[in-house]
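Biologist: I have a model open and would like to learn how to read its features. Could you walk me through them?

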Amino acid sequence: MDLELAPEHATFRAAVRELAQGVVQPHAAEVDRLHRFPEEAIKAATESGLMGVLIPREYGGAGLDAVAFAICIEELAQACASTAVIVDVHTSVGTEPILLFGDEEQKRKWLPRLASGELLGAFALTEPASGSDAASLQTTARRNGSGYVLNGTKVFITNIGRAGLYIVFARTGGQERAGGVSAFLIPAEASGVRVGQVFEKMGLHGSPTGELVLEDVSVPVANRLGAEGHGFTVAMRALDSGRIGISGQALGIAQAAVGEARALMLERGHEQGDDFALADMATRVESARLLAYEAAWLCSRGRPFTRQASMAKLHSTDTAMQVALDALQIAGDEGTVTGSPLERHVRDAKALQIYEGSNQVQRIVIARDLLRAG
Amino acid sequence: MDFEFTAEQVAIRDTIRELVQDRVAPRAAEIDRTGEYPKDIEKLFAENGILGIPFPEEYGGISGSSVTICMGVEEIAKACASSSLILAVQALGSYPILMAGSEEQKRRLCPPLATGEKVAAYALSEPGSGSDAAAMTTRAKKHGSEYVLSGTKQFITHGSIAGTLVVFAQTDPGADHRGISAFVLERETSPWKVEKLEHKLGIRGSPTAQIVLEDVKVPAANRLGDEGAGFKIALAVLDRSRPGIGAQALGIAEGAFAYALNYVKERRQFGQPIASFQGIQFMLADIATQIEAARHLVYRAATQVDSKAPDLTKVAAMAKVFASDMAMRVTTDCVQLLGGYGYISDYPVERMMRDAKITQIYEGTNQIQRVVIARALLR
């Protein structure tokens, strides 16, 4: 048993923290207030190589593992949860599937551009009538000579309008439900790709979320990721490790809330009621962090990690929500005023209990795994 | 034991319910988005006698009962928490006059509030004096037949739109909380300055002002109670208004739950309404049970206020803390029930979740409520 971070992970954390606190954090309140994309933060992350954390060096990335990825997102989220989710979606569900399921040609074509940050990645699975029930998706990819023609509407797509490449899941026919789904690499500039409604959200105001509309979008067969009918497997595997990133994001928000509550208590004094609340908050965050790192560690060793990733996502995002609310409660009125990071944390944290598999879906995944494997 | 409302109370509630559904509910999203005070809804409430609920008939009102105030606040909050404060704060700002005012003061000051000609507000908190109300520094110096007030009041709901403002200030700064007195400021004759309006997490249509008193002259005839009685008045008012915040929290939770319940019956995944899944059903059961429990505590507290029961302080604090904690949990769960749709502004539940948070904080944070409850238990 060794719960110490490896020296290279500790060094990496220190570097990301410096960037996050130095460049990302100063813009976080404004990004939230103006609902604007965190240009400075993403530029800095790009220049520091954070857009290619998981991509091997031979494809231009940093070649780091899932533990480093979790640390990266955690540190960014401690500064700005919007920035964290942009980098998270790009790195994991928006890029990793190419690494895991792409052929050599696809890897050479796309990974260097994603690793350098030239292209931002995105993941388009959800549809208006297909959320938790992802296998019921209705977007079609019709075979047409040497390629496919895609039609349909995807919804709640993170990095909408900013992404250069969308990994899109569509029905190629044959089997119903999961067996009839394939994955495609759809460049944003492809003809027929359009951004639909961009949503006003409760939080994560710097991270654009919206509809991706596909109208007779033609792509060559070379843009299909994995075999026909294997798309659902691609999506589920992508979400497994995506949940490690969301856990990191949750930890970052929660840690920031604990830090701000603590600073406030030191500044204005505190009684036992606040002390107990702070102790509970910190204990929750500590347990969530251990669970998240365990999932990342299993993943980095190529061992099964689905259950642990779902447990980490469930526990860390519930923790982030609770801790953000508790920190705001310690602050009182001062915390509810817009511009206070504490009210922002509350608004940001709520999304995490919902996206990349709602926490109800995580419970289904965990229970199913427990009932099958024990 | 009697869990029934009177026929008159039910009639008032039904009138408010209808008005709210027709006129307030359609405005709620826009009020939140623009952050503008809904003057039209204030007018609607005034014209329909709703702002007269906090006042007995002899002072131009229609009730004066805490139970009726709570029923009104609850109904309005189901659709729009910001609008529910129009009634709740009319009650809060008027309680000091009704409780501590002389007969002359009540007859003079209450009728324009009961008709809604004027809006009332209550100014206790200061930048350096929140939960520790006794630490206030606003001064009131007596000069002949008037007082001169100076200081800054913070987080004053409706401080910017009120015509009548109850202000607590030190008349004897050496005497700690025993030196605090209460004054009624009428805007035309004792004008205050609105320094800034806060941008908030929720209740965005309800202006929260920082107000500055720069040598504001107030006639001695507008002092409520004796000099030095202010702190006692402030606490007694909060005891009586807390069930109203509980009712607001209750209404917010009920509004969110009604929407989410309908949604889970309509939303289909895996070939069936998501309400058919046990995981969702357990959430529904827990939410409904919490709402039911909070409702009884709120109306029990309101009944204690109306009957001036000896333990009203404790029960009112319990109602406030329980209902507001409940509303925060329930609205968070209701967003969850709507999934991604719950998080976007096209649907009302994210607004309700943002609105719920303040009910745990204002009119005494829930930490203060716990202090109050524990103190009552240990005495």
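This is a predicted model: local features need pLDDT of at least 70, side-chain atom pairs count only at pLDDT 80 or more; totals for chains, interfaces and linings use all residues.

Biologist: What angle and what axis distance go with the packing of helix α3 and helix α4 of chain A?

Modeller: In general, two packed helices are described by the angle between their axes and the distance between the axes. Here, helix α3 (residues 66-79) and helix α4 (residues 81-91) of chain A pack at about 155°, and their axes are 6 Å apart. Angles over 145 degrees count as roughly antiparallel, and therefore α3(A) and α4(A) get that description.

Biologist: Which residues of α3(A) and α4(A) meet?

Modeller: From α3(A) come A:Phe69, A:Ile73, A:Leu76, A:Ala77 and A:Ala79, and they meet A:Ala81, A:Thr83, A:Ala84, A:Val87, A:Asp88 and A:Thr91 in α4(A). By class, this contact of α3(A) with α4(A) has 8 nonpolar residues, 2 polar and 1 charged.

Biologist: Now chain B. At what angle do α9 and α12 of chain B cross?

Modeller: Helix α9 (residues 312-338) and helix α12 (residues 366-378) of chain B cross at roughly 145°, and their axes come within 9 Å. The crossing of α9(B) and α12(B) is left-handed. Among the residues that meet are B:Ala317, B:Met318 and B:Val321 in α9(B), with B:Val372, B:Ile373 and B:Ala376 among those in α12(B). The contact of α9(B) with α12(B) divides into 6 nonpolar, 4 polar and 4 charged residues.

Biologist: How should I read a single residue? Is A:Met51 buried or exposed?

Modeller: The count of C-beta neighbours settles that. A:Met51 has 28 of them inside 10 Å, so A:Met51 counts as buried; the cut-off for buried is 20 or more. A:Met51 sits in the loop between α2 (39-47) and α3 of chain A. Beyond four places in sequence, the residues that A:Met51 touches include A:Val87, A:His90, A:Thr91 and A:Leu114. A:Leu114 is 63 residues from A:Met51 in sequence, yet their C-alpha atoms are 7.1 Å apart.

Biologist: And where is A:Ile71 placed?

Modeller: A:Ile71 is in helix α3 of chain A. A:Ile71 also counts as buried, because 26 C-beta neighbours lie inside 10 Å. Leaving aside neighbours within four places in sequence, A:Ile71 is in contact with A:His9, A:Phe12, A:Arg13, A:Val16 and A:Gly248. A:Ile71 and A:Leu251 are 180 residues apart along the chain, with 9.4 Å between their C-alpha atoms.

Biologist: Strands next, please. In which sense do β1(B) and β4 of chain B pair?

Modeller: β1(B) pairs with strand β4 (residues 164-170) of chain B in the parallel sense, over 4 bridges. B:Tyr122 has B:Val166 in β4(B) as its bridge partner. Strand β1 (residues 120-123) is covered on both faces, with B:Ala120 and B:Tyr122 buried on one side and B:Ala121 and B:Ala123 buried on the other.

For the antiparallel case, look at strand β3 (residues 146-157) and strand β7 (residues 208-219) of chain B, joined by 9 bridges. B:Tyr147 stands opposite B:Val218 in β7(B). Strand β6 (residues 193-197) of chain B also pairs with β7(B) in the antiparallel sense, over 4 bridges.

Biologist: Last one: how many residues does each chain bring to the contact between them?

Modeller: Chain B brings 31 residues and chain A brings 29. On the side of chain B that touches chain A, α11(B) gives the most, with 5 residues. That side has 11 nonpolar, 14 polar and 6 charged residues.

Technical notes:
Residues are numbered from 1 along each chain as its sequence is written. Chains are lettered from A and ligands numbered from 1 in the order in which they are written. Axes are lines fitted to C-alpha atoms, for helices over the stretch in contact, and angles run from 0 to 180 degrees between N-to-C directions. Helices (H or I, at least four residues) and strands (E, at least two) are DSSP runs, numbered from the N terminus. A crossing is left-handed if the near helix is turned anticlockwise from the far one by less than a right angle, and right-handed if clockwise. Two residues are in contact if their C-beta atoms, placed from the backbone, lie within 7 Å. Ala, Val, Leu, Ile, Met, Phe, Trp, Tyr, Cys and Pro count as nonpolar, Asp, Glu, Lys and Arg as charged, and the others, Gly among them, as polar. Angles under 35 degrees count as roughly parallel, over 145 as roughly antiparallel, 65 to 115 as roughly perpendicular and the rest as oblique. A residue is buried if 20 or more other C-beta atoms lie within 10 Å of its own, exposed if 12 or fewer, and partly exposed in between; C-beta atoms are placed from the backbone. Two strands pair if DSSP finds at least two bridges between them.
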